[in-house]
Amino acid sequence: MAMLSTHGLTAHYGQFQALFGVDITLDAGECVAIIGANGAGKTTLLRSLSGVLRNEPQSIRYRGEPIGALPADAVMKRGVAMVPEGRKLFPSLTVEENLLIGAHARRGSGSWTLDAIYNLFPILKERRDNAGTALSGGQQQMVAIGRALMSNPDVLLCDEISLGLAPVVIRDIYKAMPRIREGGAAVIIVEQDIGQALEVADRVYCMMEGRVTLSGTPTDLTREAIHAAYFGAAA
Amino acid sequence: MNWIDTIVQGILLGGLYALFAAGLSLVFGIMRLVNLAHGDLIVLAAYLILLIVSLLGLSPFVAALIALPLMFGLGYVLQKVVLNRVLGEDILPPLLVTFGISVVIQNALLQGASADTRRLPTGDVGVASISLGGINVGILPLLTFGSAVAVILILNHVFYRTALGRSFRATSDDPTTASLMGIRPNAVFAQATGIAMMIVTIAALYLGMRANFDPAVGPARLIYAFEAVIIGGLGSLWGTLAGGVIIGLAQTIGAAINPEWQILSGHIAFLLVLLFKPRGLFPRAFD
Amino acid sequence: MTISAPDTIYRVETRTRTSTIAGLVGIVLILVLFAAPAFASRGLIQDLFFILTMLTLAQFWNLLAGYGGLVSVGQQAFVGIGAYALFAAVILWGLDPVPAILLGGVAALVLAVPFGFFAFRLQGAYFAIGTWVLAEVVRLIVAQWRAVGGGTGTSLPRTATENIIFTDQIAALFDVRASAARDILAYWLALVLAILTIGGIYWLLRSKRGLGLAAVRDNPQAARSVGVDAQRVKWFVFLTAALGTGLTGALIYMQKARISPDAAFSLNDWTAYVIFIVVIGGIGTIEGPIVGVLIFFLLQTLLAQYGAWYLMILGLIGIGVMLLAPRGLWGSFSDRTGIQLFPIRRRLMGGPLTIKTPSREE
C-alpha cells in the first residue's frame, strides 16, 4: 500500500479549476519528482497534499486514512511536512527560532535535531542569531528545509526549492538530499529544473494543465516524451 | 502648586494607562484585530472582581487572582466562538462585531448592576503613602506602575523567550505557513486574547481601587489605551508604557492648570504626536 | 473621412424592470409623504421625522463605510457641530433657524478638513478609533463654549422659534398651532434632505466617480494604476458625508430646540444606532439603510420601554447579522432574488451582436 496517494484529486480557486483528477502515489522511503511548466498545477497539488487547500476527504490518503479535508496543522501532525514555495521564513524569528518552530509539533524521537540540522547545513549554525530574512536566498532555503525536517516527518514536500537560486547554490542544497532520505523521510519534490529532478528522483510525474501527462522512472523517460508531456503532443 | 509632585503623579497614572493598553497592543500585534470592546471588558472585569469581593469577602487582590483564569476563559471563548469567524482581509466585520459586543456589555452591566458608581474596597493600601525625596507618593499608584512594568517584562519574556511566544510571532507573521508547522492559528489567537484578558483583569483591579466606575466608563478607557498604543508605536510594549506615561502626564498637567482640561490635554498630546510622528515614538522596524 | 456610428447600436444601462417599477412606487410614496401633514397626527409626523433623519445619517455613514471603506466611529462630531453652528447662528447672530441649517452643513464641512487631516494618518481599524478620539476632542472643546451654554447646554430662544419662516403659513394651511407647524416644517425639510441624499448618492454611484469609489474600496493599488487617485476619492467621500451629517444634525436640533454637548455629540444616538441600521439592513447598498431604519424603528417602538435590554438586543442582532448574514437583510434578499431597487451595475444593451457572456454573476 502506498504511504501517500491521491485519488481523482481536483482543486479549484474560486471559478478556476486548477487540478482535474490527479492520481499519484508515494511509497515509504521513495523520492518522487513532479515536473511541469508554470501553471501546470504542481504547486496546487502540493498545497492540497499539505492541507493548505482543503479537498474531498477521500481524494488524499495517508497510510490508508483519508486526509483530504484535514487542515494543514492536522496533516502536519500526522507526519507530512512542507517546504513552501518562496521559503516563507518567519521574519520576526531568528534562524534558530525558525528551526525550533519546525519542531512545534515534533513527533516521537527521530534523528533530526537542531545539531543534526547544523551538521547538515553548517552555515546556519554561524548565522543562528540572525533574522531569518537577513540570509541569502540559498541559506534561507536551507532554513526552510531544516525547519520542515525538525518535525521528523515521514513525508517531506519540497516546493520549487531551486527557484531563484544560482546553479552552484542549487547543487549545494541538493547535495543534502541523500542524507535527508537516509533520515527516513519519503520526499516529493516539485521542480522546474528537470535535470536536477531526474537526478535525485526514483520516479517522475510530469504535469500539464492540471493533469498528470506522463509518469515513470528517470531512465524510462526520453527527452521527447518529457517534451511532449510538458508542452502538449502537438508541440 | 508643586510641579514635581504633579509630574510624579502623571507618570504613575501612565502606568494605569499602559495596563489598559497592553492587552489591546498584544491582540493587535498578533492578529491585527482592534477590539472596540476592550474598555468595556476592563469594566466587566472590575465588576467581576467586585462580585467576588462581595460574595466571598476577600481582598480585591485575592479576588483578582480568582478573576484571572475566569477572564482568560472568557477571552478564549470569545475569540474562538465569535472573533475568529470575522478575522480576515476586510476590517469591517471585526470592527462592527466588537462594537456590538461593547454595546452588549455596557447594557448587560447596566441591567445587572445598575448605573450606580462603584469602587473596590482598598483598605489601608488606598490611603498609604511613602515619602520619596520629599514627595509623598501613594502606595497604590506605585503598585499600579510597578504592575505595568512587571506585566510588560513578563509579556516581553513570553514573547521573545518561550515556545508560546515563538508561535505567537510566527502566526502573526504568516498564519498559513504557521499552520504548516503544526500550529493552529485559531488556537493561538484564542490564547492571545485569553492572555490579553488577564492583563485586562489586572488593569481592572487598579481601575476599580483608584477611582469610581460605572457601566459607561469603558469607551473612555479604550480611547486612553488606543492613544497610548499609537503614541508608543504599534507593536512596541515599552513604547506603549511610554505612551501611557505621556497621556498620564498631559492629563495631570492639564488638570493642574484647569481641572476641566484634564481629558482634553491628554487627547491634544495624542494629536500632537500624530501630527509630528504619525508612526509613533518607537515604531517597529518592519511591519 | 468621418465615420458616424448610429447612436442606437449600444446602450449602457443600469435600469432594470424592477427598478422602473420601484421608481414609480417611489414617486407615489414621496407624494404621499409630502401630503402626510394633511392627515397624519403630530405624533406620526414626529416619528416620520425621526425615521427620515436617521435614514439620512445612515445613508451618509453607508457612503463612508460601505462604499468608501472608511469606518468612522466619530460621525457624532458632525451632527454636534452642525447643531451647535445652528444654535450659535440663531442665538448669537439672530439668524432664522432654517437658513442656519445650511450654516450647520458648512460648519461640518469646515470641521471635516482638520478632522480628516488627522484621521487619515491612521489606517483601517485605527482610523475608526481615531475618529472617535477626534469627536471626543470636539465635544470637550464645545463644552468649553460658554456663549452656547458650555457643558450644560442651552435652548433656542422663544423669539427665534416662534418666528421661523413659513410656520405661519403652515399653521394657517393645516389649521394647527405654531409648535405643530414647526414640526411639519422640520418634517418637510427632513423629507427633502432624505430624498436629495438618496438621489444624490444614487447619482454619484452611477457616475464615473462612483466607479472610482468602488475601485478604491476593493483595491487601492489597482485603482491607482488605472488613474483613480485614492486619496482624493477618500477626501471627497469624507467631506460629502460630513456636509450631509452636519445638515442633518442642524435639522434634528432645530426640531429639538434644546442642546447639550453630551446629547449632540452622543456616540450612541448618532453613530452606534446608525451603524446598526446600516449593518442590519445591508451595508454597501442604498436599500439596506432604508430596510434597516424601518427595523430599527420597529424594535425601538416595541422594546424601548425595556431600556438596557433594548440596546443589548440591538447589539446582539447586529453581531448575529454580521456573523450569519454579513451583507445584511437586504443584501441577503438581493443575493437570493437578484432584485435591486437602485441598480448600479452597468449592462451593455442592444446592438447588432448578441454576446453570450459566461454566467458569472457577482
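Mentor: Take helix H5 of chain B, residues 139–161: at 1.5 Å a residue its 23 residues should span 33 Å, and because the end C-alpha atoms are 32 Å apart, the two values agree. The expected span is 1.5 Å times one less than the number of residues, and helices (H or I, at least four residues) and strands (E, at least two) are DSSP runs numbered from the N terminus. Keep in mind that this is a predicted model, in which local features need pLDDT of at least 70 and side-chain atom pairs count only at pLDDT 80 or more, while totals for chains, interfaces and linings use all residues. Residues are numbered from 1 along each chain as its sequence is written, and chains are lettered from A and ligands numbered from 1 in the order in which they are written.

Trainee: Which residues of H5(B) are buried?

Mentor: They are B:Pro141, B:Thr144, B:Phe145, B:Ala148, B:Val151, B:Ile152 and B:Leu155, where buried means that 20 or more other C-beta atoms, placed from the backbone, lie within 10 Å of the residue's own.

Trainee: And what do those buried residues pack against?

Mentor: Their partners in chain B are helix H1 (3–31), strand S2 (135–138), helix H8 (185–210) and helix H10 (237–257).

Trainee: Switching to chain A, what is the strand order in the open sheet of six strands?

Mentor: The order is S8-S9-S10-S5-S11-S12, with mixed pairing; two strands pair if DSSP finds at least two bridges between them. Strand S8 (80–83) and strand S12 (211–216) of chain A each have a single partner strand, so one side of each is left without a neighbour in the sheet.

Trainee: How do S8(A) and S9(A) pair?

Mentor: S8(A) pairs with strand S9 (residues 155–159) of chain A in the parallel sense over four bridges, and A:Met82 stands opposite A:Leu157 in S9(A).

Trainee: New topic: how many residues of chain A are in contact with chain B?

Mentor: On the chain A side there are 21 residues, in contact with 15 residues of chain B, a contact being two residues whose C-beta atoms, placed from the backbone, lie within 7 Å. Helix H2 (72–77) and helix H3 (95–102) of chain A are the elements that give two or more residues to that side of chain A.

Trainee: What about chain C, where do its domains lie?

Mentor: Domain 1 of chain C covers 37–265 and domain 2 covers 268–338, with bounds from an automatic or database domain assignment. Their C-alpha centres lie 20 Å apart.

Technical notes
Buried ≥ 20, exposed ≤ 12 C-beta atoms within 10 Å, placed from the backbone.
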